[in-house]
Amino acid sequence: MKYIFIMNQNAGKAKCEKILPNIERECKKKNIEYEIRYITKEKSGSDIAKEYKNEENVIYVAGGDGTITMTIGGIVGTKNKLGIIPSGSGNDTYRAIKKLPKGENTIDLAKINDTYFINVACSGLDAEVANNVDIVKKARIPSNQIYNASIIYTFIKFKFKEVELITNVKKIKEKYTILSICNGSYYGGGFNIAPKSELTDGLLDIYFVEKMNKLRMIPLLLKVKKGKHEGKRKIHKFRTNHVEINLDKEVTFNVDGEKVTDKNFIIDLIPKAIKVYNDDEFVQNIMI
């Protein structure tokens, strides 16, 4: 068994180049055979992972949540295990994985249209905050204030949309503030949207927040940050394994750091769909 490191040089202000010597040091220390591979315009993380489809390795993704999302399609259906070197800006997927027992774990995956994801697919206020980060980054704002600036920008620009949401336990057709489909717990760099979710329970946690007064939006996000929003007025939570979403106009779901845009979405929970490898000590030694 080898460790394959798929490196995204564009993630997290070029963290990959900084940690490369640490990867080589830790692998040599543990006498682990390893390969370093780089994502390019011509070859995605998924393309690289597929090259090892007939082997049984740990495929470490060194990048952010979006890099993981764009790589796991090449691991699903193989004997390879996903490892994560959290080298992006949010690293929410690693927050979920490191809560698992040490070593190999088999977890559920979710799929929105053709895109697999581990943590959360969201639309509405929270998704637009994440999507607008790219706009805010163009301004001269300190890096540690970019997300807060995006919240303010989104608060000003936000427009409510009506959605038809169909599941086997509930149907809703109305305007919404937040719609989050959760397999894991975290998004937005540590916002605890689904504090009771588990990656191995075979269910999605759905959070539907009704249209609300804009003045209540920022306090809502602060509650979500701490995982204290459940049971609050206008917030509906239910659990299922299949969701259909229909809108009159295209919207963009933020899906673990990637964007999926459409008017119609089908989201399914796929139980025990991928193996992940959790070795936080090894990872922390690399991130030093």
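**Charged pairs and a core**

Q: Why is Lys 43 called partly exposed?
A: This is a predicted model, and in it Lys 43 has 32% relative accessibility. Partly exposed lies between the buried cut-off, under 20%, and the exposed one, over 50%, so Lys 43 counts as partly exposed.

Q: What makes Lys 43 and Glu 51 a salt bridge?
A: Their closest N and O atoms are 2.9 Å apart. The limit is within 4 Å, so the pair qualifies. Glu 51 is partly exposed too, with a relative accessible area of 40%.

Q: How do you know that Lys 81 and Glu 104 form a salt bridge?
A: The closest N and O atoms are 3.8 Å apart, and that is within 4 Å, so the label holds. The pair links distant parts of the chain: Lys 81 sits in strand β4 and Glu 104 in strand β5, 23 residues apart.

Q: Is Lys 81 buried or exposed, and what makes it so?
A: Buried: Lys 81 has 3% relative accessibility, and the cut-off is under 20%. Glu 104, at 41%, is partly exposed.

Q: What makes Arg 25 and Glu 26 a salt bridge?
A: The closest N and O atoms are 3.0 Å apart, so they meet the within 4 Å limit. Arg 25 is partly exposed at 37%, while Glu 26 is buried at 2%.

Q: Which residues touch the most other members of the largest nonpolar core?
A: Tyr 3, Phe 5, Tyr 60 and Leu 82, out of 41 residues.

How values were computed:
Residues numbered from 1 in each chain as written. Predicted model: local features only at pLDDT ≥ 70, side-chain atom pairs only at ≥ 80, totals over all residues. Heavy atoms only, no water. Core = buried A, V, L, I, M, F, W, Y, C linked by side-chain atoms within 4.5 Å. Buried < 20%, exposed > 50% of the residue type's maximum accessible area, 1.4 Å probe, protein only. Salt bridge = Lys/Arg side-chain N within 4 Å of Asp/Glu carboxyl O. Helix = DSSP H or I, 4+ residues; strand = E, 2+ residues; numbered from the N terminus.
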